[in-house]
Structures are given as C-alpha cells and as structure tokens.
Amino acid sequence: MDRVTQVLKFDNIVFAGGGNRCFWQAGFWYAVAPVLKLQPRSVAAVSAGAAMACAIFGGTFEHGFSGYKQAVARNARNLYVRNLLKSQPVFPHGAMYRAAILDSIDTLALSRLHQGPEITILAARPPRWASERMAILLGAISASVDAMNRNSVQAAAGRHLGFKPLCVSVRECTSPQELADLILASSCVPPFTPQIRRAGAALLDGGLVSSVPTEFPRATDASTLVLLTRRFSKLPSVPGHTYVQPSAPTPVGTWDYTNHTALQATFDLGQRDGAAFCDSLGATDKARSGLVEFQARQPVVA
C-alpha cells in the first residue's frame with residue numbers, strides 16, 4: 001500500500017444535493033478515487049447527488065454525461081410559456097432528468113449497483129396532516145428558509161415543519177425504471193419535476209430533511225468523505241468526516257438545462273479541485289494523469 005492510500009481511507013461517501021452543481025462531485029471523484037483507491041462500503045446520497053452516485057458506481061457516468069450534455073445543448077429554454085395553452089409541460093426538466101437517468105442506468109448498470117457499495121437514497125415524506133398541495137407549499141417555504149441560511153451545511157427547515165426522512169437502498173430497486181422513480185422522488189421539486197409516489201405516498205426532495213445526508217450511511221463509525229456542491233464560509237468539524245467543497249462557485253446553475261458548456265466547466269472544476277486535494281497528499285502527478293479523459297469530450301448537437 002503506497003503512502004497516499006495510507007493517508008486517507010474512506011468507507012463512507014456522502015453525495016450532497018445541488019442539481020447540476022453535482023457534476024462537480026463527479027469531476028472530483030474521478031480525480032481522487034483512482035489515487036486513493038477508494039472502495040467505499042456505504043454511500044448516502046440525496047437529490048441529484050443520488051443520480052451522480054448511481055451513474056458513477058453503475059459504471060456508466062461517461063456515457064450518461066455525454067448524452068445529457070447533448071440533450072442540454074438541444075434544449076433552448078428552461079421555461080416554455082407557450083406550452084401553458086398546450087398539453088406539453090412548461091418546464092422541460094422532469095422529462096430531461098428522467099431520460100438522463102435511464103440513459104445512464106440500464107439493466108447491467110443496475111446489476112453493478114446491486115453488487116457494489118450499498119447506496120442509500122434519501123427522500124422526504126410530507127407531514128401526514130398535509131394535503132399534497134399543502135406539502136408542496138411547505139416544501140417551497142422550507143427551501144426558501146434554507147436558501148437564506150446559506151452558511152449552514154446542515155440547514156433543513158423541512159424537519160421543523162414535519163417532513164420525515166425516507167431512506168431507500170438502491171438494492172431494493174428491481175428495474176432501471178424503479179430506480180429512476182426513486183431518484184426523481186429524492187429530487188422532487190414541483191413544478192420543475194413531476195410529483196412522485198412510493199407505496200402510495202407523495203414524496204418530495206430529500207434535501208428538505210437533509211441536503212447533506214451525513215447521518216444516513218450504514219457504517220456510521222467509519223471514516224466518511226462528504227462531497228458538497230457549493231461553497232461554505234466554514235465547514236463542520238466532525239471526527240471521522242472530511243468535507244470537500246468547490247474552490248469557486250460552480251459555473252452551471254442548479255436548474256439551468258440550457259448550458260452544456262457550463263456543465264463541462266463544472267465537471268472540470270471538480271477535477272481540478274480533486275487534483276489539488278491529491279496534491280495536498282503529495283500525489284500531484286498521479287492525480288493529474290487522469291484528468292484528460294472526460295475533459296476532451298464535448299457534445300455533438302444533432
């Protein structure tokens with residue numbers, strides 16, 4: 001075992017939410033994982049971080065990333081007002097998100113996920129007393145409160161309003177479609193995405209109860225690498241936890257489904273930050289040797 005691998009060994013990985021910002025996580029992972037020989041036993045993920053984790057550990061990230069960039073390059077707007085008078089959706093996000101997941105996760109990828117580290121995906125269950133419309137309103141209020149509390153890594157106002165966590169293992173999903181539903185439930189933010197139900201219950205974005213689900217890995221006594229998606233002025237100091245964050249604001253917006261170059265730039269930022277992380281461990285050359293593969297690939301717009 002080389003010196004770098006001895007320095008840090010992470011049994012748990014946490015993927016925070018953040019929409020398109022989560023492509024920073026993928027860039028960081030592909031720069032760091034080969035150097036540290038990361039083979040986690042447990043993964044906790046929420047919202048788009050769950051999509052990222054499944055594509056990475058399903059072994060299909062490169063294919064999915066290429067296809068998603070192509071779809072985003074073809075999409076002209078984030079809001080289609082003309083569809084208000086039509087049967088087509090006003091927001092393209094839901095259909096594009098599902099298509100991107102299913103393009104990444106096929107039967108073979110799902111099999112790999114079942115055999116790999118246990119991935120737990122977090123969704124939020126609304127209060128029992130709240131109607132579906134009331135739950136969506138409460139979710140929007142919670143998200144607004146959390147947005148104002150930007151310096152808190154663990155901000156989750158939804159808990160105070162009665163939202164409860166629902167943790168589901170990817171191993172419980174028997175088809176790519178079922179996994180897509182689970183990821184979409186974990187990412188559910190109406191009207192951007194459609195309402196998703198599981199076992200008859202309407203679910204919402206897991207970030208309402210924990211946007212950084214550090215409390216949900218199975219092996220809580222082991223070392224944990226926490227992949228954030230935005231910058232905080234101060235990171236938590238938790239024994240056994242290593243938090244990493246972007247070195248600069250990510251170029252892409254959370255719900256911007258029109259800018260494929262910003263997606264690539266966000267991934268590239270993650271790779272550079274991952275290389276810098278390895279550099280701090282004395283592994284610069286080894287880390288940078290893996291930075292070319294995804295950087296050179298740009299979408300071909302049909």
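Which residues of strand 7 are buried on one side, and which on the other? In this predicted model, Thr224 and Val226 are buried on one side of strand 7, while Leu225 and Leu227 are buried on the other, and both faces of the strand are therefore covered. In a regular strand the side chains alternate between the two faces of the sheet. Strand 7 has partners in two other strands. Strand 1, residues 12-15, runs parallel to strand 7 and is joined to it by four bridges; here Val14 stands opposite Val226. Strand 8 is likewise parallel to strand 7, with four bridges between them, and Thr224 stands opposite His241 of strand 8.

The loop between strand 7 (224-227) and strand 8 (241-244) contains Phe232. This residue is buried, because its relative accessible area of 7% falls under the 20% that sets the limit for burial. The C-alpha atom of Phe232 is separated by 7.5 Å from that of Ser152, although the two residues are 80 residues apart along the chain.

A further group of paired strands involves strand 6 (201-205). Four of the five residues of strand 6 are buried, and the strand is mostly covered. Strand 3, residues 118-125, runs antiparallel to strand 6 and is joined to it by two bridges, with Ala124 opposite Leu204. Strand 5, residues 196-198, also pairs with strand 6 in the antiparallel sense, over three bridges; in this pairing, Ile196 has Leu203 as its bridge partner. Strand 5 and strand 6 form a hairpin with two residues between the strands, and in this hairpin Ala199 takes a positive phi near 55 degrees.

Strand 6 also contributes to a pocket. The second largest pocket has a volume of about 270 Å³. It is lined by 13 residues, of which Arg125, Pro126, Pro127, Arg128 and Ala201 are the closest to its centre. Helix 7 (132-148) and strand 6 each supply at least two residues of this lining.

Helix 4, residues 61-74, has 14 residues and reaches 20 Å from its first C-alpha to its last, close to the 20 Å expected at 1.5 Å a residue. Its buried residues are Phe61, Gly64, Phe65, Tyr68, Lys69 and Val72. Viewed down the helix axis, these buried residues fall within an arc of 130 degrees, so they line one face of helix 4. In helix 8, residues 176-186, eight of the 11 residues are buried, so this helix is largely enclosed by the rest of the structure. The buried residues of helix 8 include Pro176, Leu179 and Ile183.

In the loop between helix 8 and strand 5 lies Pro191, and the peptide bond from Pro190 to Pro191 is cis, with omega near 5 degrees. Lys37, in the loop between helix 2 (23-36) and strand 2 (42-46), has a positive phi of about 55 degrees although it is not a glycine. Ser47, in the loop between strand 2 and helix 3 (48-57), also has a positive phi of about 55 degrees without being a glycine.

Terms used
Residues are numbered from 1 along each chain as its sequence is written. This is a predicted model: local features need pLDDT of at least 70, side-chain atom pairs count only at pLDDT 80 or more; totals for chains, interfaces and linings use all residues. Side-chain values use heavy atoms; hydrogens and water are left out. On a 1 Å grid over the protein atoms alone, a cavity is a set of points where a 1.4 Å probe fits but cannot get out, and a pocket is an open set with protein on both sides within 12 Å along at least five of seven lines; lining residues have an atom within 4 Å of a point. Grid points are joined across faces, edges and corners, and a volume is the space filled by probe spheres set on the points. The expected span of a helix is 1.5 Å times one less than its number of residues. Buried means under 20% relative accessible area, exposed over 50%, partly exposed in between (1.4 Å probe, protein chains only). The arc is that of the directions from the helix axis to the C-beta atoms. Two strands pair if DSSP finds at least two bridges between them.
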